[in-house]
Amino acid sequence: MNNSLKTLSLISILSILLGNSPLLNANGLLVKTYPDGARDDETAYLFKNSTSLVSFIVYAKEKPFELKKGELTLTIPSGLKIVNFGVYRDKYPEDMINCNLLNSEENIWTLSLGDRIVETVYQIYGKYPLVPWSTFVIYAYLRPSGKALPATKFDMAWRLSGNGIKPFEGKMKISLVSAPEGEKMPKDFFAWSAYGNDGNVADRESFDDFLKLAKNCGINGIINSGPGLPSYYSLSELNKKGFSVIKYNLLKHCLIRPPDILAEAGFPIKDNDRAISFTGHNPSSRKDNLGGEGGIYCPSKFLLPDSPVMEYMVQEYLRFYNEGCHIFFSDYEDRSYARCYCQLCRKKFSEEAGLDYTFIMKLKPEELIEKYTRQWHLFRTRQNASMLKTLRDKLKPVCKDIFLGINEARCDYKDISIPGSGRGFSYFPEDPVILDASVDFHDADILASGVGSMQQLELWFTKNQRGQFYINKPVIARVSSFVSVNWGYWCVLGRMEKGKFSREYSGMGCDWRPLNQKLEIANAAAIGAKGIEVDFTPSSTDALVINAIHSGMDYIGEFEEMLDKKYRQNWETIKVYDLTSEKSPRKEIMEKGFMSRRFLANINKYGTLQYTYHRKDDKHLISIFNWDYYQTKQVKILLPEFSGKDNFYIHLYNDGQRHLLIQENGKKEWNAVELADGLFLEIYRGSLTAILFAEKIFPGYKEMKSEKKLNITPLDTPLKLYSWRGEENYSGELFKEVVYKTMLENMKKHILEKRNNE
Ligand SMILES: [Zn+2]
């Protein structure tokens with residue numbers, strides 16, 4: 001039975017039970033389109049030389065109804081053709097696409113949708129600016145037809161119709177751009193993206209095009225999550241094409257499986273494997289423990305040698321490993337105070353914290369965590385580290401190249417530092433310093449967007465008082481400009497809609513997304529990330545974002561050998577002056593919009609110019625990121641002394657353009673004396689500029705005369721970057737304020753809800 005029939009019969013049964021007929025009295029459709037719907041300027045940016053995806057998200061206006069003999073017609077230039085289409089999770093046969101010649105320049109394409117239920121009613125959730133996920137999304141794939149395109153900008157007319165409904169029509173404003181070519185992509189840098197919601201719909205050629213594009217942008221890992229990859233593509237085939245397949249959230253998935261599923265799989269659990277909740281019962285499902293906050297199993301029990309939960313987990317990892325997934329990470333987000341209050345947990349805790357067991361046994365859960373807030377959080381963190389270590393130790397002998405990581409969130413509080421853990425503290429019991437020995441990599445959850453995300457990322461790269469890094473394993477930065485999930489149409493459209501009514505949101509401010517992507521990727525690598533997690537997915541991105549990802553990756557490819565945390569120097573070794581005298585118009589322009597408001601707040605806090613300084617042997621690399629999207633900056637750099645080397649070359653890299661800077665008299669070499677007054681540069685709005693000083697000329701750099709000079713006056717002060725300085729002061733109070741209170745409030749809310757339902 002296909003999905004639509006299943007849904008139809010379910011709705012019919014429901015209508016009989018309810019005694020009414022929700023399929024009658026159809027009031028019509030509401031259609032939202034993508035990727036134009038993701039932009040404030042309402043333009044869909046597609047590729048002129050590669051496959052692009054356009055989506056039509058269909059809702060019922062008032063109540064569910066049946067659409068008979070549905071049709072979507074699209075009028076597009078003859079330079080493009082429609083190669084494939086489908087409705088979320090259902091690929092439609094090719095003979096359901098017809099094309100009629102309209103004139104010599106345009107064709108009308110008709111996609112036959114058959115009979116469908118329009119069951120999702122459009123609404124905006126009150127609290128969150130989100131619209132509901134629709135079960136009716138039409139994906140249409142466009143590819144160049146081989147005929148000349150009349151223009152790169154045009155309107156695509158579309159019309160959705162069917163028996164018994166009023167047709168819904170619109171125009172999609174389209175702008176075509178070129179798909180990126182290879183250039184110099186990094187060799188040993190992880191770049192991962194999920195595949196989108198159209199996995200079951202994409203045809204082989206479209207998916208191959210996606211892979212080619214991904215490869216050209218340096219993407220080398222596909223995250224297998226959600227509806228996932230096309231079924232005709234085996235994981236080994238992807239491996240052969242040079243892509244790793246990353247299994248996402250398996251750990252979390254295993255730990256929320258109910259006891260009967262584990263028993264069925266051959267791992268029966270005993271009663272005492274179960275957790276004892278905050279309110280004192282054995283939860284039968286995850287939901288049953290504080291609405292999902294608590295989990296089902298006791299974390300102390302599954303560290304015992306014979307734990308069936310651990311054995312089940314090992315089996316599941318082995319299964320996916322043998323299928324071709326060798327990289328695993330989870331967004332686990334365990335809760336410190338919700339999980340389990342059994343005797344064993346209390347015993348283990350009293351041993352670890354050096355407390356009297358009989359006293360700990362007597363305390364109510366709320367008294368226990370109120371009294372030992374930080375110790376309990378640490379106790380759970382160490383247990384999570386032990387869990388990951390046990391799992392990894394069991395897997396490593398049989399899965400030699402397994403790469404096991406976890407996603408971690410750290411709170412970016414400026415002056416907070418925890419002895420032995422460095423700056424910032426972990427919201428969930430997943431402190432990367434404590435977990436470091438148990439994992440192969442860290443996936444840094446950075447959600448601030450733009451320069452705020454970059455400051456948050458710095459937390460993974462702090463050093464202790466002896467100058468050593470707290471964390472030794474590679475860090476993968478989640479640089480999807482607000483995280484991939486937030487770019488699903490339901491979030492973007494919801495924020496757009498909300499913006500029409502509320503000043504707080506007033507528009508999305510999405511048009512900055514490409515610049516954000518480029519800078520976040522490049523800046524993250526400059527900070528020290530060894531990889532990125534990015535949203536490259538066709539159903540939630542567009543051609544401009546993909547080009548921006550390519551641009552960020554090009555910088556990493558160019559300077560890869562130097563972009564390592566061990567070569568990064570203290571930023572105060574060089575002095576960077578912002579000599580721009582005019583006021584930036586960014587505040588007035590970016591004032592409105594959900595995203596831009598958050599972005600601006602971070603700019604105000606951290607400044608628009610960020611830079612890093614790397615040194616490897618005789619090479620010096622200064623990278624400057626201009627997070628002001630509306631103003632070119634006049635910058636002067638006072639340079640470090642170059643250890644006795646007199647003849648060096650200055651390479652300027654600006655958003656992919658490569659120039660060798662020569663002196664006014666035509667001399668190519670420079671010496672320290674000639675640079676005594678500093679180096680003047682213009683850093684274009686939203687761009688990244690890297691200056692490489694080397695003894696040899698790098699290939700591909702075209703000669704360019706040195707630009708004008710600006711003098712530094714005594715009134716000018718060099719940039720002071722926000723950095724995670726300060727004493728190693730641990731503040732128990734702030735930890736309690738941020739982590740403990742939030743988690744406790746969530747728990748109280750769940751307990752109250754449960755009581756109200758009883
Ligand atoms: Zn327990």
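**Sheets, strands and helix packing in the predicted model**

In this predicted model, strand E2 (residues 43-47) and strand E11 (residues 168-177) run parallel and are joined by 5 bridges. One of the pairs here is Phe 47 with Val 177, its bridge partner in E11. E11 also pairs with strand E10 (residues 153-163), this time antiparallel, through 8 bridges. Along that pairing, Ala 157 sits opposite Lys 171 of E11, and Phe 154 faces Ile 174, again in E11. E10 and E11 form a hairpin with 4 residues between the strands, and Gly 164 takes a positive phi there, near 80°.

Stepping back, these strands belong to an open sheet of 6 strands, ordered E2-E11-E10-E4-E8-E7, with mixed pairing. The edges are taken by E2 and strand E7 (97-101); each has a single partner strand, so one side of each has no neighbour in the sheet. From one strand to the next, the twist averages 30°. Helix H15 (residues 543-559) packs on this sheet, where it touches E2 and E11, and its direction makes about 55° with that of E2.

There is a second open sheet to look at. It is also built from 6 strands, in the order E24-E25-E30-E27-E28-E31, and its pairing is mixed. Strand E24 (609-616) and strand E31 (702-705) are the edge strands, and each has just a single partner strand, so one side of each is left without a neighbour in the sheet. Here the twist averages 25° from one strand to the next. Within the sheet, strand E27 (residues 649-654) and strand E30 (residues 688-694) run antiparallel and share 6 bridges. Asn 654 has Thr 689 as its bridge partner in E30.

Helices pack on this sheet as well. Helix H14 (residues 513-527) touches E24, strand E25 (619-626) and E30, with its direction at about 145° to that of E25. H15 turns up again here: it lies across E25, E27, strand E28 (657-662) and E30, and runs at about 160° to E27.

Setting aside its neighbours within four places in sequence, Ser 551 contacts Lys 518 and Tyr 653. Ser 581 and Ala 448 are separated by 133 residues in sequence and, C-alpha to C-alpha, by 29 Å in space.

Strand E20 (residues 441-445) is mostly covered, with 5 of its 5 residues buried. In a regular strand, side chains alternate between the two faces of the sheet. In E20 both faces are covered: Phe 441, Asp 443 and Asp 445 are buried on one side, and His 442 and Ala 444 are buried on the other. E20 pairs with strand E16 (residues 403-411) in the parallel sense over 5 bridges; Ala 409 has Asp 445 of E20 as its bridge partner. E20 is also joined by 3 bridges to strand E21 (residues 475-478), and these two run parallel. In this pairing, His 442 stands opposite Val 475 of E21. Together, E20, helix H12 (residues 451-457) and E21 make up a right-handed β-α-β unit.

Finally, there is a helix-on-helix contact. The axes of helix H7 (residues 343-353) and helix H10 (residues 373-395) come within 10 Å and cross at roughly 105°, and H7 and H10 are therefore roughly perpendicular to each other. From H7, the contact involves Cys 345, Lys 348, Phe 349 and Glu 352; these meet Gln 375, Trp 376, Leu 378, Phe 379, Arg 380 and Arg 382 of H10. Sorted by class, the contact of H7 with H10 has 5 nonpolar, 1 polar and 4 charged residues.

Technical notes
Residues are numbered from 1 along each chain as its sequence is written. This is a predicted model: local features need pLDDT of at least 70, side-chain atom pairs count only at pLDDT 80 or more; totals for chains, interfaces and linings use all residues. Side-chain values use heavy atoms; hydrogens and water are left out. Buried means under 20% relative accessible area, exposed over 50%, partly exposed in between (1.4 Å probe, protein chains only). Two strands pair if DSSP finds at least two bridges between them. A crossover is right-handed if, with the strands pointing away from the viewer, the path from the first strand over the helix to the second runs clockwise. Axes are lines fitted to C-alpha atoms, for helices over the stretch in contact, and angles run from 0 to 180 degrees between N-to-C directions. Angles under 35 degrees count as roughly parallel, over 145 as roughly antiparallel, 65 to 115 as roughly perpendicular and the rest as oblique. Contact means heavy atoms within 4.5 Å. Ala, Val, Leu, Ile, Met, Phe, Trp, Tyr, Cys and Pro count as nonpolar, Asp, Glu, Lys and Arg as charged, and the others, Gly among them, as polar.
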